[in-house]
Amino acid sequence: MALVTISGYPSSGKSRRAEQIRASLQKYLSDETYPGPIRKVAVLSDDVLNLSRSSYDDSRSEKPARGALFAAMQRQMSPDTILIVDALNYIKGFRYQMYCAAREAKLRVCTIYIVATQEQCREWNMTRQDGRAYAPETLENLMFRYEEPSSMVRWDSPLFTVLWDEEVPPMPQIWDAISKGTVKPPTRPLFRPPKRQQTRSKPSSRRQPPSCLPSWPTRLGLAGN
Ligand code: ADP
Ligand code: MG
């Protein structure tokens, strides 16, 4: 019933927060006053999919890794599940693509932006004990290319920002977004019949914002940068 997209620099604490959020949401679901329909929380991450950090070393290996994450996300989206996607999700076009998929599946959405300074991420990356550190050059490259989420765009909204020193994420607000937020219909049908009478294309100044058609995000998210 909901897609929770986590985004943040590499080694910024995303998985740590994802676990906090998962545990907290589990409690909301277990509350006997909650009537449903959501029944479970699932976390999807590079680690769950056994995708190595070295996938991010170059765009040729990153592209199939992102594709695998997206395919797994689509498989796991379901009306009775809160799916937390704990990954870098640093490309705007990729987040947009996830948003479109969620709308197609009639899910609520929210984005959680995990904020830590670059200096902290370098330090945490260097000292992490789980064998999941990024190569220093990859870390710098990913931080450089990171596209910050914005509450001004619909695919990142509602957006919750969690700073590195906050004890807990804003769970009541996140729960509201997941359990009561608007379920938006897909903006347009996935496949439109060709317009027979169309003689001219619109002037570019009158172009519509990108729709959730499959071609647009494919150009952005999964096709590399
Ligand atoms: P990510 O999923 O973003 O790569 P993790 O949650 O796995 O990051 O955390 C990476 C490392 O940084 C871990 O060793 C973790 O203990 C440490 N860390 C993350 N957030 C904090 C924090 N707020 N305070 C102290 N250490 C942290
Ligand atoms: Mg992680």
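Q: How far is the backbone N or O atom of Ser11 from an oxygen atom of ligand 1?
A: The distance is 3.1 Å, and it runs from a backbone N or O atom of Ser11 to an oxygen atom of ligand 1. Keep in mind that this is a predicted model.

Q: How much of ligand 1 does the protein cover?
A: The protein covers 76% of the accessible area of ligand 1, which has 560 Å² on its own.

Q: What about Ser15 and ligand 1, what's the distance there?
A: An N or O atom in the Ser15 side chain is 2.9 Å from an oxygen atom of ligand 1. For Arg16, a polar backbone atom lies 2.9 Å from an oxygen atom of the ligand.

Q: Which residues surround ligand 1?
A: The shell consists of Tyr9, Ser11, Ser12, Gly13, Lys14, Ser15, Arg16, Trp124, Arg128 and Trp164. By class, three of them are nonpolar, four polar and three charged.

Q: Which helix gives the largest share of that shell?
A: Helix H1, residues 14–30, with three residues.

Q: And which pocket is ligand 1 in?
A: Ligand 1 takes up the space of the second largest pocket.

Q: New topic. Where is Ala135?
A: Ala135 is in the loop between helix H4 (118–127) and helix H5 (136–145).

Q: Why does Ala135 count as partly exposed?
A: Because its relative accessibility is 34%, and partly exposed covers the range between under 20% (buried) and over 50% (exposed).

Q: How far apart are the C-alpha atoms of Ala135 and Asp57?
A: They are separated by 7.6 Å, although Ala135 and Asp57 are 78 residues apart along the chain.

Key
Residues are numbered from 1 along each chain as its sequence is written. Chains are lettered from A and ligands numbered from 1 in the order in which they are written. This is a predicted model: local features need pLDDT of at least 70, side-chain atom pairs count only at pLDDT 80 or more; totals for chains, interfaces and linings use all residues. Side-chain values use heavy atoms; hydrogens and water are left out. A residue is near a molecule or strand if one of its heavy atoms lies within 4 Å of it. A polar contact is a pair of N or O atoms within 3.5 Å; within protein, one must be able to donate a hydrogen and the other to accept it, and residues adjacent in sequence count only if both atoms are side-chain atoms. Accessible areas come from the Shrake-Rupley method with a 1.4 Å probe; for residues, only the protein chains shown count as cover. On a 1 Å grid over the protein atoms alone, a cavity is a set of points where a 1.4 Å probe fits but cannot get out, and a pocket is an open set with protein on both sides within 12 Å along at least five of seven lines; lining residues have an atom within 4 Å of a point. A molecule sits in a cavity or pocket if more than half of its atoms lie within 2 Å of its grid points. Helices (H or I, at least four residues) and strands (E, at least two) are DSSP runs, numbered from the N terminus. Ala, Val, Leu, Ile, Met, Phe, Trp, Tyr, Cys and Pro count as nonpolar, Asp, Glu, Lys and Arg as charged, and the others, Gly among them, as polar. Buried means under 20% relative accessible area, exposed over 50%, partly exposed in between (1.4 Å probe, protein chains only).
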